[in-house]
Amino acid sequence: MPDQCPSDGAVRWYAVHVPAGREASFAEKCRKALDPALLEDCIAPRYERYVKRGGVWRIEMAPLFAEYVFVATRDAEALAKALGRLSFAAPIVGRRGRAYAPLAAGVQSWLESTLDASHVLRASEGRIDQGVLTVERGPLRGSERIVRKIDRRKRLAFVALGGGDEGFLLKAALSVPSKS
C-alpha cells in the first residue's frame, strides 16, 4: 500500500484544486509562501499542443491538468495545515481513510521522467508502420505501449496513466506525418 500512505519519507505528489486559468500563478504563490523544508515543489504541469491557425501549425502551451497543480512533499498532513493557513484557498484533493491520497507512484514516476525542468510535456514525433506506433523523438519515446488513441489530424495522442478505477487519459502532442 505505498500509494496510499507513504511513511518512508519519500517525496510524493498531491493534487490541489485551484481556479481555472490560475494554475501557474498559484504554483508560484505557493513556492513563495510556504517553507521550502515542507514544500519540495509546486508543479503546474503544461503541455505543448499543436494548433492550426491561418493554415499554419503552431505550438502553444496549455495546462496538462486544468484546475489542478501538484504539491511535492514528504509530509502531506503538515503541508495541508500550511496550505489551510494561506490567504487563498488551496485544499489537497482526495483522501483514503484519514490519510491524503498521493498521486499513484507509477503516474508520478512517468510525469517526472517526461516533464522537462520547466514542468512542460514537450511535443513528440513518430510514425506508424503496419499499425505499430514508433515514437522517434520527444518525451513519449518509449511510452508507445500506453498510447491508447492517436488523432493524426489534430496531432494528438491519448496516453493511459494509472490503472483500474484510478486510471485516466492524458492528452499529449504527437505528430505522426507518415503512416504505412
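Colleague: Which residue of S4 stands opposite Arg49?
Modeller: This is a predicted model, so take every answer as read from a prediction. Eight bridges join S3 to S4, and the two strands run antiparallel. Across this pairing, the residue opposite Arg49 is Glu60.

Colleague: Is Val51 buried or exposed?
Modeller: Val51 lies in strand S3. Beyond its neighbours within four places in sequence, Val51 is in contact with Val56, Trp57, Arg58 and Glu60. Its relative accessibility is 16%, and buried means under 20%. So Val51 counts as buried.

Colleague: How far apart are the C-alpha atoms of Val51 and Arg141?
Modeller: Along the chain, Val51 and Arg141 are 90 residues apart.

Colleague: Why do the buried residues of H1 line one face of the helix?
Modeller: Helix H1 spans residues 23–33, and its buried residues are Glu23, Phe26, Ala27 and Cys30. An α-helix has 3.6 residues a turn, so residues three or four places apart point the same way. Seen down the axis of H1, the buried residues line one face because they fall within an arc of 100°.

Colleague: Which residues are exposed on the other side of H1?
Modeller: The buried residues of H1 are covered by elements that include S1 (12–17), S2 (41–43), S4, S5 (68–73) and H2 (76–84). On the other side of H1, the exposed residues are Ala24 and Lys32.

Colleague: In the sheet of five strands, which strands stand at the edges?
Modeller: This open sheet has the order S10-S9-S13-S12-S11, with mixed pairing. Its twist averages 40° from one strand to the next. Each edge strand has a single partner, so one side is left without a neighbour in the sheet. The edges are S10 (132–137) and S11 (147–151).

Colleague: What is the bridge partner of Ile128 in S10?
Modeller: S9 (residues 124–129) and S10 pair in the antiparallel sense over five bridges. In S10, the partner of Ile128 is Leu133.

Colleague: Which element supplies the largest share of the largest nonpolar core?
Modeller: This core has 29 residues, and Trp110, Leu111 and Val159 touch the most other members. S1, S5, H3 (105–114), S10, S12 (156–161) and S13 (168–179) each supply at least two residues. The largest share is four residues, and it comes from S13.

Colleague: How many residues are in the second, separate core?
Modeller: Nonpolar side chains tend to be buried together in soluble globular proteins. The second core includes Tyr14, Val16, Ala76 and Leu83. Its residues number 22.

Technical notes:
Residues numbered from 1 in each chain as written. Predicted model: local features only at pLDDT ≥ 70, side-chain atom pairs only at ≥ 80, totals over all residues. Heavy atoms only, no water. Buried < 20%, exposed > 50% of the residue type's maximum accessible area, 1.4 Å probe, protein only. Arc of directions from axis to C-beta. Contact = heavy atoms within 4.5 Å. Pairing = 2+ DSSP bridges. Axes fitted to C-alpha atoms, helices over the stretch in contact; angles between N-to-C directions. Core = buried A, V, L, I, M, F, W, Y, C linked by side-chain atoms within 4.5 Å.
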